[in-house]
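Good morning. I have one structure to go through today, and I will keep it short. Please look at the screen.

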Amino acid sequence: GASPTMTATVRNAGPAGAAAVRLRVEMPVGMTPGTPPAGCTLAAPLLTCAVGLLAKGASASFAIALRGTTAGTFVGTAVVDSPTPDPRPMDNTATASVVVVQPVLRIDPNVVVPGQVTMASGSNFPPGAQVTLTWDTGLTEPRPPVTVLPDGTIAPTQILIFRRDPLGNRQLVATSVVPGGFDPVTAGGLVAPPPQEPPDFVERR
């Protein structure tokens, strides 16, 4: 759900300038590309960029935002070509790997009664991200956003279920404070009725 940026750089190592240079980048499978940069066209999954004349020793870079749609390791491939003869065509292709992880939110215990607290924690979130934790049903205790730790985890955080909250299934939702940081992540729980106290025993005489 996050939006990393992939940058492809074309560099002319010589021995002369190159005319009508073109860059083609095949986007990694499992990633949705954003708006193509200036000078480029996108016919997913292929991004084509017109570099034009590239002098010896010069370079040109193109950056495009990607959005992960599924977890996994994906490979993007970039190929550059030109009608100018190239004595070293073997370095005209490059690949790069992109690792997409799925954030996971947990609550423990996931069955509670009104008036109790549960502990929320998470993993695989973007390090340093600001995250709000809210119930999709009932009331949520006002609290500042939590900050994801450098290892991508959310430290255990107390989440209250108010005494007069409705019973039944509900979702705790983790949302990025910054729009587009990651897609909302949920963890399911159940608010159950409190146990019934047995009636007092009355002794007959």
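This is a predicted model: local features need pLDDT of at least 70, side-chain atom pairs count only at pLDDT 80 or more; totals for chains, interfaces and linings use all residues.

I start with the largest nonpolar core, which has 23 residues; Leu23, Val25 and Val51 are the ones that touch the most other members. Which elements give two or more residues to this core? They are β1 (5-11), β2 (18-26), β5 (46-54), β6 (59-68), β7 (72-81) and β8 (93-100).

Take Val51 as an example. If we leave aside its neighbours within four places in sequence, Val51 is in contact with Val10, Val21, Leu23, Ala60 and Phe62.

Now the protein as a whole. How many helices and how many strands does it have? The count is zero helices and 16 strands. Of the contacts with a separation of 6 or more, 66% are between residues 24 or more positions apart.

On to the overall dimensions. The radius of gyration is 27 Å, while a compact globule of 205 residues would have one near 17 Å. Along the principal axes, the C-alpha atoms fill a box of roughly 110 × 25 × 25 Å.

Next, burial and surface. Of the 205 residues, 33% are buried. The accessible surface is about 12200 Å², and carbon and sulfur atoms account for 58% of that.

Last, charge. There are 13 positive and 13 negative side chains. The centres of these two sets lie 4 Å apart.

That is the end of my part.

Terms used: Residues are numbered from 1 along each chain as its sequence is written. Side-chain values use heavy atoms; hydrogens and water are left out. A nonpolar core is a set of buried Ala, Val, Leu, Ile, Met, Phe, Trp, Tyr and Cys residues joined through side-chain atoms within 4.5 Å. Buried means under 20% relative accessible area, exposed over 50%, partly exposed in between (1.4 Å probe, protein chains only). Helices (H or I, at least four residues) and strands (E, at least two) are DSSP runs, numbered from the N terminus. Contact means heavy atoms within 4.5 Å. The radius of gyration is taken over C-alpha atoms; the globule rule is 2.2 Å times the number of residues to the power 0.38. Accessible areas come from the Shrake-Rupley method with a 1.4 Å probe; for residues, only the protein chains shown count as cover. Lys and Arg count as positive and Asp and Glu as negative; His and the chain ends are not counted. The place of a charge is taken as NZ of Lys, CZ of Arg, CG of Asp or CD of Glu.
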